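Colleague: I am new to reading protein models. Could you walk me through a few features?

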Amino acid sequence: MEGHTGECDAVFPFHRGTALEPSCVATARRFVDQTLTSWGNLEHAFDVQLVVSELVTNAMRHGGGAAQLRLLSHEAELACVVTDYSRTVPVAAAPDVFSEYGRGLRLVDALCTAWGWLSPEGTRKVVWAIIAS
């Protein structure tokens with residue numbers, strides 16, 4: 001990515017009371033804009049916003065709420081990491097043109113070089129996605 005060449009790390013903690021509200025997705029997008037602007041990494045800001053929107057929406061809908069959003073930049077890669085309150089594994093839905101939902105993880109897969117999840121000991125799950133320039 002263009003801009004900041006060193007390693008960067010930014011963390012946004014969601015408030016437990018608002019982690020299940022749709023407004024937390026807009027808050028996450030603003031955090032992405034502010035962070036990438038401060039890093040000078042605006043080239044892929046739209047893609048990062050889409051990925052973060054999908055991951056935070058999934059955390060809100062299926063993960064008991066978003067707990068934390070973390071952005072990490074290293075060389076030509078940017079990682080988006082969302083922690084939620086569930087250990088339920090994310091599953092990409094089968095394609096269905098008539099369904100209102102279920103396309104989010106397919107979008108993440110299309111925009112990212114890799115994505116996945118971890119369920120470390122405890123009650124939270126971490127879903128990550130890597131965007132490369």
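Colleague: Which residues make a nonpolar surface patch?

Modeller: Keep in mind that this model is predicted. Val 89, Val 91 and Trp 117 make the patch, which covers about 280 Å². Take Val 91: it sits in the loop between β3 (77–84) and α3 (104–111).

Colleague: Is Val 91 buried or exposed?

Modeller: Exposed, because its relative accessibility is 66% and the cut-off for exposed is over 50%.

Colleague: And Thr 83, buried or exposed?

Modeller: Thr 83 belongs to strand β3. It counts as buried because its relative accessibility is 10%, and buried means under 20%. Look at what it touches beyond its neighbours within four places in sequence: Gly 65, Ala 66, Ala 67, Gln 68, Arg 124, Lys 125 and Val 126.

Colleague: How do α2 and α3 cross?

Modeller: Two packed helices are described by the angle between their axes and by the distance between those axes. Here the axes of α2 (residues 45–62) and α3 come within 9 Å and cross at roughly 145°. The crossing is left-handed.

Colleague: Which residues of α2 and α3 meet?

Modeller: On the α2 side, Asp 47, Leu 50, Val 51, Glu 54, Leu 55 and Asn 58. They meet Gly 104, Leu 105, Leu 107, Val 108 and Leu 111 of α3.

Colleague: What is the phi of Glu 75?

Modeller: Most residues other than glycine have a negative phi. Glu 75 is not a glycine, yet its phi is positive, about 50°. Find Glu 75 in the loop between β2 (66–74) and β3. Glu 75 is exposed, with a relative accessible area of 58%.

Terms used. Residues numbered from 1 in each chain as written. Predicted model: local features only at pLDDT ≥ 70, side-chain atom pairs only at ≥ 80, totals over all residues. Heavy atoms only, no water. Patch = residues over 30% accessible without salt bridge, like charges linked within 9 Å, V, L, I, M, F, W, Y side chains within 5 Å. Areas by Shrake-Rupley, 256 points an atom, 1.4 Å probe, with all protein chains shown as cover. Salt bridge = Lys/Arg side-chain N within 4 Å of Asp/Glu carboxyl O. Helix = DSSP H or I, 4+ residues; strand = E, 2+ residues; numbered from the N terminus. Buried < 20%, exposed > 50% of the residue type's maximum accessible area, 1.4 Å probe, protein only. Axes fitted to C-alpha atoms, helices over the stretch in contact; angles between N-to-C directions. Left-handed = near helix turned anticlockwise from the far one by under 90°. Contact = heavy atoms within 4.5 Å.
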